[in-house]
Amino acid sequence: MSLTKTLKKPPRDIANDLCLVMRLEEYKKPDKDKLFEIIEVAGPGFINFRFKKEYFYANLEKLLVEEHSSLRTNIGEGKKVQVEFVSANPTGPLHIGHGRGAAVGNALSNLLQAAGFDVQREFYINDAGTQVRLLGQSVYARYQQILGNNVPFPEDGYKGDYIESISQQIVKKTSKKYLRKQFKECGDFFTNYAYKMMLADIAQDLRDFGIIFDRWQSERELHESDKVKKSITVLREKNFLYEKDGAQWGSTTLFGDDKDRVIVKKDGEYTYFASDIAYHKDKLDRGFDTIINIWGADHHGYVRRIQSVLEAFGLAKEKFRVLLIQMVTLLRHGEPVQMSKRAGEFITLREVIDEVGADTAKFIFLTRRADSHLEFDIEVAKEQSAENPVFYVQYAFARISSIFRQAMNRNGTWQAAEKGVLSTESGVQEVDLSALKEDDEISIIKKLLQYPIIFEGAVFSFEPHRITYFLQELAGMFHSYYNKYRVISENSTLTAARLCLCKAVQIVLEEGLKTLGVSAPERM
RNA sequence: GCGCCUGUAGCUCAGUCUGGAUAGAGCAACUGCCUUCUAAGCAGUGGGUCAGGGGUUCGAAUCCCUUCAGGCGCGCCA
């Protein structure tokens, strides 16, 4: 149809001409090489090709023999990629928004791994700034109050229940050791104790969510090892730095930022930006080919300046990607729940995991594009968990497992239909896949063969949710098929072929679920 | 004021990058289907000015311009 303009003919006429030529070519081939059953013009000028069934059987067999490897493409070729995600301040428990970032980061990492990239998952710990200090002050104040010394609670202090419990713990451990001492004297103790505890909780929550990080990078460590200082020296050598009003500025506007940014303040203190410069320089030094950051959408104003710095360090623009995760609006009975970390009012990831389960939560987080707002009604997810889309997909997998269990019982020693060969009591039997004659069966095979295409699209666009949608569609086709036809019947040729088809569906479902970080249970 | 994201069925969202056929799911509503492989399922019905307007094109939810609405961000804070 794009030729319409050049040829000055209606699209339908052009399609007709092309179609005739292609039919002729196909006709000339010997029968066994013919790929297509039908080539015809349709609609406003489309050319439809219908593959011969043999094409589908051959590819189904390939899927059964090669299993998961046939679904993946080696796009990454071993290139090192770092995905940094969650990176929540260790000043409180993870909340539901972090959960979304965690689910997306993890799924993206799985996706890239499956595509042959050498992926590292990293968590950046903001353990150096005023926020952890404030956490320390909050715990310190509560500690003093518990022991009867009524010091004022910091104005912007963290007010959640967890502050109380950390303070109680310190009381238990140290008794009155720090009673009536000034924060100046013992602040480090409180700060370190509190944030380390928070960090341990965060790590535990993430583990229970099914996410393991390969590396935890401390912001403090960047300062202590002089990496901050050194990275700034490098920028100075690159003429990226200048002095104005007694402060050191980075020329981020050179690379498209709105304004230049302060790196060292007038008083000689580093800004948060300075640590981030060091951190990203460190990522480069560690030899990553591509750097991916997953941030909350409220940090979008920060993307350009980091990009500028990376470009100043010599990283090509397209080697750095920031995925912005839009906010999660939390609902309870359809009513929005106000969340404030400081005030301690929020739904934690822990609560979500306990109430709806890790699989469900992850799947829901992955049913939307990352940059789209997500409404998460905790009551709906909890009360109607049986109607959750994740069960729909898992159920298809479990159902197939059940079919195989039945097949084993009924026919004695049916083994799993693998590699196009079934073992029976009478020995090994070749499976004739051409027994799959129904249109519904061909449609399922067609769908299965689309997985690698969807997979590649998801990799190139960094959009794991495409896998989620694909799985729901495939599961739907299978459920429908299951209700319409019987897999196990008296016809052993047909049964064998259908078991093979089921096996293939299961392989694809498992591959997809695994990529999303969701389990594939054999029973439900 | 400037920048980024979003606006598609009653609700929640895919589809937009890369323009094509009658715009798709799920939930909610209604009607059927369990003596046979898991009913967490299936079959069916109803439901749309793709936010509005203009433009490009044989063809626009998709590309361009513009208006409106919602969210977020614009510190020598972190």
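Trainee: Which residues touch the most other members of the largest nonpolar core?

Mentor: Please note that this is a predicted model. As a general idea, nonpolar side chains in soluble globular proteins tend to be buried together. Here the largest nonpolar core has 124 residues, and Leu112, Phe209 and Leu448 touch the most other members. Helix H18, residues 492-516, gives the most to this core, with 14 residues. Apart from it lies another core of 28 residues, including Tyr124 and Ile277.

Trainee: With which residues is Leu448 in contact, leaving aside its neighbours within four places in sequence?

Mentor: Leu448 is then in contact with Leu60, Leu63, Leu474, Leu501, Ala504, Val505 and Val508.

Trainee: How should I read the open sheet of three strands, and in what order do they stand?

Mentor: Strands of a sheet pair through backbone hydrogen bonds, either parallel or antiparallel. In this open sheet the order is E6-E7-E8 and the pairing is antiparallel. Strands E6 (241-244) and E8 (261-264) stand at the edges with a single partner strand each, so one side of each has no neighbour in the sheet. From one strand to the next, the twist averages 45°. Four bridges join E6 to E7, and Lys244 has Ala247 in E7 as its bridge partner.

Trainee: In which sense do E11 and E13 pair?

Mentor: Strand E11 (residues 328-332) and strand E13 (residues 374-377) pair in the parallel sense, over four bridges. Thr329 stands opposite Glu375 in E13. E11 also runs antiparallel to strand E12 (residues 335-336), joined by two bridges; there, Leu331 has Pro336 in E12 as its bridge partner.

Technical notes. Residues numbered from 1 in each chain as written. Chains lettered and ligands numbered in written order. Predicted model: local features only at pLDDT ≥ 70, side-chain atom pairs only at ≥ 80, totals over all residues. Heavy atoms only, no water. Core = buried A, V, L, I, M, F, W, Y, C linked by side-chain atoms within 4.5 Å. Buried < 20%, exposed > 50% of the residue type's maximum accessible area, 1.4 Å probe, protein only. Contact = heavy atoms within 4.5 Å. Pairing = 2+ DSSP bridges. Axes fitted to C-alpha atoms, helices over the stretch in contact; angles between N-to-C directions.
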